Amino acid sequence: MHVSEAGGTSALRPVGSYVERGALWLVVQFALFAVFVATCSRGGPRAVPILAGVLPGMLLVVSGLAITGLSFAKLTEAQTMTMLPAPLESAELATTGVYAHVRHPCYASGILVLLGVCALAGRPLALLALGALAVFFWAKAAREEALLSDLGYATYSQQVRHRFIPGVV
C-alpha cells in the first residue's frame, strides 16, 4: 500500500508495458514540440523586432525554468518522475511546494518557457503551435488525473482547484 501526502492509500498498480503506460502521449508531445521548434525557426517573417522580444522572452524563459526546477525536485522527492501519463508503481502524490498551488506545474512551466521562446523568436505562427501544445497538455493532464484516482487525487483536486495557473485555470 502507498500512503500519499494527502492521506489516501492505494494498492500497488501494475507497471504494464510502455505502450500501456501511455507512450503514444509522449510521441505526440515530441511531435508537437518539433512543430513548435520548426515554426520558431522558419515560421514566416518576424512580427516583433528582435530587441523588443528579448527582455519579455528572457523573463518568461527564466521564470518557467525556475518553476520547472521546483516541480522536478518535488516529483523526484515523491518518486513519481515520469513523462508518461501512468504513474510509476512506487509513486506518491506530490501535494506540497509548487503542487500546493497548481496540479500540473511542469506543464504550466513548459508553456511559460515556450511562450518566452515565442517572444524571442518573434514569429506569430509559433503561437499557434504553442496553442496546440497547451491543448495537448490539458488533455494529457486530464488523462493523468484519471490514472491517479487511487492515490487520493479527488481530495487533492478539491484542495488545489487549478491545473496550470493559480486562481485562473
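## Exercises on helix packing

In H1, Trp25, Val28, Gln29, Leu32, Phe33, Val35, Phe36, Thr39 and Cys40 meet Leu125, Ala126, Ala129, Leu130, Ala132, Leu133, Phe136, Phe137, Ala139, Lys140 and Arg143 of H4, where contact means heavy atoms within 4.5 Å. The model is predicted, so local features need pLDDT of at least 70 and side-chain atom pairs count only at pLDDT 80 or more, while totals for chains, interfaces and linings use all residues. Residues are numbered from 1 along each chain as its sequence is written, and side-chain values use heavy atoms, with hydrogens and water left out.

**Exercise 1.** Describe how H1 is placed against H4.

*Solution.*
- Step 1. Two packed helices are described by the angle between their axes and the distance between the axes.
- Step 2. The axes of H1 and helix H4 (residues 124-147) cross at roughly 165° and come within 8 Å. Axes are lines fitted to C-alpha atoms, for helices over the stretch in contact, with angles from 0 to 180 degrees between N-to-C directions.
- Step 3. H1 is therefore roughly antiparallel to H4 (an angle over 145 degrees).
- Step 4. By class, the residues of this contact are 16 nonpolar, 2 polar and 2 charged. Ala, Val, Leu, Ile, Met, Phe, Trp, Tyr, Cys and Pro count as nonpolar, Asp, Glu, Lys and Arg as charged, and the others, Gly among them, as polar.

**Exercise 2.** Describe how H3 is placed against H4.

*Solution.*
- Step 1. The axes of helix H3 (residues 105-121) and H4 come within 10 Å, crossing at roughly 175°.
- Step 2. This makes H3 roughly antiparallel to H4.
- Step 3. From H3 the contact takes Tyr107, Ile111, Leu114, Leu115 and Cys118; from H4 it takes Ala126, Leu127, Leu130, Leu133, Ala134, Phe137, Lys140, Ala141 and Glu144.
- Step 4. The contact of H3 with H4 has 12 nonpolar residues, no polar ones and 2 charged ones.

**Exercise 3.** Is Arg42 buried or exposed?

*Solution.*
- Step 1. Arg42 is found in helix H1 (residues 23-42).
- Step 2. Arg42 has a relative accessible area of 74%, so it is exposed (over 50%, whereas buried means under 20%, with a 1.4 Å probe and protein chains only).
- Step 3. The C-alpha atoms of Arg42 and Arg123 are separated by 8.4 Å, although these residues are 81 apart along the chain.

**Exercise 4.** Give the order of the elements in the protein.

*Solution.*
- Step 1. The protein has 5 helices and 2 strands. Helices (H or I, at least four residues) and strands (E, at least two) are DSSP runs, numbered from the N terminus.
- Step 2. From the N terminus on, the order is β-β-α-α-α-α-α.

Note on methods: Parallel < 35°, antiparallel > 145°, perpendicular 65-115°, else oblique.
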